[in-house]
Amino acid sequence: MHFERVSAVARLLAVTICSALLALQAAPAHAQQGASQYSVQEIVDAGHGFFGSTSGGLAKVVENAFAQYGLPNGYILGQEGSGAFIAGLTYGEGQLYTKNAGQHPVFWQGPSLGIDYGGQGTRTMMLVYNLPSVPNLYQRYGGVSGSAFVVAGVGMTALRNGDVTVVPIRTGLGARLGVNVGYLKFTQAPTWNPF
């Protein structure tokens, strides 16, 4: 009887130790994942520094993006120009920032088609979600630009390719009205070919 009680205590102790060891092994992976992502405050601070005085609605738009998509593991700061008369084109360039892979230049271009007229030049911040590695960014991302969330002159759309989501946040000069469907193609080097 005494032996059975000691055996049960030994089993319970062994299970507890194994559970603790498994938790310790899992903890660094979880901490590393969180360490590679950006907080709302980090993104808002980077945006305020980049957008300057025109960023009145930036915090609200960023909070909306975080509420919908969670914590990004990268972001892009850049500039773009676009114009449209039914069919349109967009060209941009910037810098990709990541916590675990450093900074990388990035270029984007893309066509659009729809009920869309005008032109604009914008400063752009793009939040990047679920990016497994920098080379995975260089693809085409599709979305509907007319589904923008806009606060105080700052607008947000969402583009997707597989599990990777890119959320452009734009503010700038110009007038462009309408709804369009298109995509952005991200490249490592500038190109005039939007396709």
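User: How much of the protein chain is made up of buried residues, and what makes a residue buried?

Analyst: Of the 195 residues in the protein chain, 38% are buried. Buried means a relative accessible area under 20%, exposed means over 50%, and partly exposed lies in between, with a 1.4 Å probe and protein chains only. The model is predicted, so local features need pLDDT of at least 70, side-chain atom pairs count only at pLDDT 80 or more, and totals for chains, interfaces and linings use all residues. Residues are numbered from 1 along each chain as its sequence is written, and side-chain values use heavy atoms, with hydrogens and water left out.

User: Why is Q109 called buried?

Analyst: The relative accessibility of Q109 is 1%, and the cut-off for buried is under 20%, so Q109 counts as buried. Q109 lies in strand 2 (residues 102–129); strands are DSSP runs of E with at least two residues, helices are runs of H or I with at least four, and both are numbered from the N terminus. Beyond its neighbours within four places in sequence, Q109 has contacts that include Y91, Y183, K185 and P194, where contact means heavy atoms within 4.5 Å.

User: Why does K185 count as buried, and what does it touch?

Analyst: K185 has a relative accessibility of 12%, which is under the 20% limit, and therefore counts as buried. K185 belongs to strand 7. Residues up to four places away in sequence aside, K185 touches F107, W108, Q109, Q139, R140, T191, N193, P194 and F195. One of these, Q139, is 46 residues from K185 in sequence and 5.6 Å away in space, C-alpha to C-alpha.

User: Why is N130 called exposed, whereas G70 is called partly exposed?

Analyst: N130 has a relative accessible area of 52%, which is over 50%, so N130 is exposed. N130 is in the loop between strand 2 and strand 3 (140–144), and G70 is in the loop between helix 3 and strand 1. Leaving aside neighbours within four places in sequence, G70 is in contact with A65 and Y129.

User: What makes a set of residues a nonpolar core, and which residues of the largest one touch the most other members?

Analyst: A nonpolar core is a set of buried Ala, Val, Leu, Ile, Met, Phe, Trp, Tyr and Cys residues joined through side-chain atoms within 4.5 Å. The largest has 20 residues, of which I43, V62, Y75, M125, L127 and I169 touch the most other members. Two or more residues of this core come from each of helix 2 (40–51), helix 3 (58–69), strand 1 (74–98), strand 2, strand 5 (154–156) and strand 7 (164–187). A second, separate core of 16 residues includes I76, W108, V128 and L131.

User: How do the residues lining the second largest pocket divide?

Analyst: The lining has 7 nonpolar, 8 polar and no charged residues. Ala, Val, Leu, Ile, Met, Phe, Trp, Tyr, Cys and Pro count as nonpolar, Asp, Glu, Lys and Arg as charged, and the others, Gly among them, as polar.
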